[in-house]
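Reader: I have just opened this structure for the very first time. Could you walk me through it, one question at a time?

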Amino acid sequence: MAKAKHQQPGGAAAAVEAIVRPVVEQMGLRLWDVRFEKEGPDWFLRVLIDRDEPLDTDTCEAVSRAIDPLLDQADPIDQSYYLEVGSPGLGRRLTRPEHYELLAGQKCAARLIRPDEQGRRELEGILVGLEDGVVTLRTEQGDATFPLKSAGFVKLCDDENLFG
């Protein structure tokens with residue numbers, strides 16, 4: 001468990017991202033997301049990495065070993081936490097504009113906070129993209145658009161046919 005100081009939880013992920021992104025990219029990987037999350041009494045710093053071919057535990061361990069001393073030195077977080085480096089996995093959430101560019105043409109699902117004009121809260125279709133804060137999905141009923149801020153989440157549907 002690492003000990004740190006001088007940072008609010010809301011800004012912790014951004015501070016960590018600035019430290020780890022160059023290392024992750026230098027290792028030929030993409031930084032998918034950085035999350036600082038509380039689970040029970042513990043805080044977890046999750047650094048999610050990705051690449052075109054499948055990730056393995058050796059790659060995650062190598063990234064962890066590379067960034068851990070940098071995080072210890074920079075000390076960007078105000079409380080104790082556990083560092084986890086891993087893949088965003090199946091059904092990954094799209095949390096950044098670059099995710100929408102990278103996954104355009106893929107099947108995605110969205111859950112809206114409130115129903116849209118057609119009364120839908122659940123949408124599924126091919127991701128067209130994100131433009132000016134508006135997501136477009138090509139559904140069986142035609143294009144569906146919604147403000148990104150009105151979505152509880154948007155995620156990749158790459159986990160549907162695993163057992164079928």
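This is a predicted model: local features need pLDDT of at least 70, side-chain atom pairs count only at pLDDT 80 or more; totals for chains, interfaces and linings use all residues.

Reader: Is Leu31 buried or exposed?

Author: Leu31 has its place in strand β1, residues 30–39. Strands (E, at least two residues) and helices (H or I, at least four) are DSSP runs, numbered from the N terminus. Buried means under 20% relative accessible area, exposed over 50%, and partly exposed in between, using a 1.4 Å probe and protein chains only. The relative accessible area of Leu31 is 5%, so this residue is buried.

Reader: How far apart are the C-alpha atoms of Leu31 and Ser87?

Author: Along the chain, Leu31 and Ser87 are 56 residues apart.

Reader: In what order do the elements of the protein chain run?

Author: The protein chain has three helices and eight strands. Read from the N terminus on, the order is α-β-β-α-β-α-β-β-β-β-β.

Reader: Which residue of β5 is the bridge partner of Cys108?

Author: Two strands pair if DSSP finds at least two bridges between them. Strand β4 (residues 107–112) runs antiparallel to strand β5 (residues 122–131), and five bridges join them. In β5, Cys108 has as its bridge partner Gly125.

Reader: And which residue of β8 is the bridge partner of Arg111?

Author: β4 is also joined by five bridges to strand β8 (residues 151–156), and these two run antiparallel. The partner of Arg111 in β8 is Phe153.

Reader: How many disulfides are there?

Author: A disulfide is a pair of cysteine sulfur atoms within 2.5 Å. For the sulfur of Cys108, the closest cysteine sulfur is in Cys157, and at 6.3 Å that is too far for a bond. Cys108 is buried at 0% relative accessibility, and Cys60 is buried too, at 12%. By the distance rule, the number of disulfides is zero.

Reader: What is the angle between the planes of Phe36 and Trp43?

Author: Rings of Phe, Tyr and Trp (its six-membered ring) pair if their centres lie within 6.5 Å; planes under 30 degrees apart count as stacked, over 60 as edge-to-face and the rest as tilted. The structure holds three aromatic pairs. One of them, Phe36 with Trp43, is stacked, with 4.6 Å centre to centre and a plane angle of 15 degrees.

Reader: Which residue lies over the face of Trp32?

Author: A charge sits over a ring if NZ of Lys or CZ of Arg is within 6 Å of the ring centre and within 35 degrees of the ring normal. Over the face of Trp32, at 4.9 Å from the ring centre, lies Arg92.

Technical notes. Residues are numbered from 1 along each chain as its sequence is written. Side-chain values use heavy atoms; hydrogens and water are left out.
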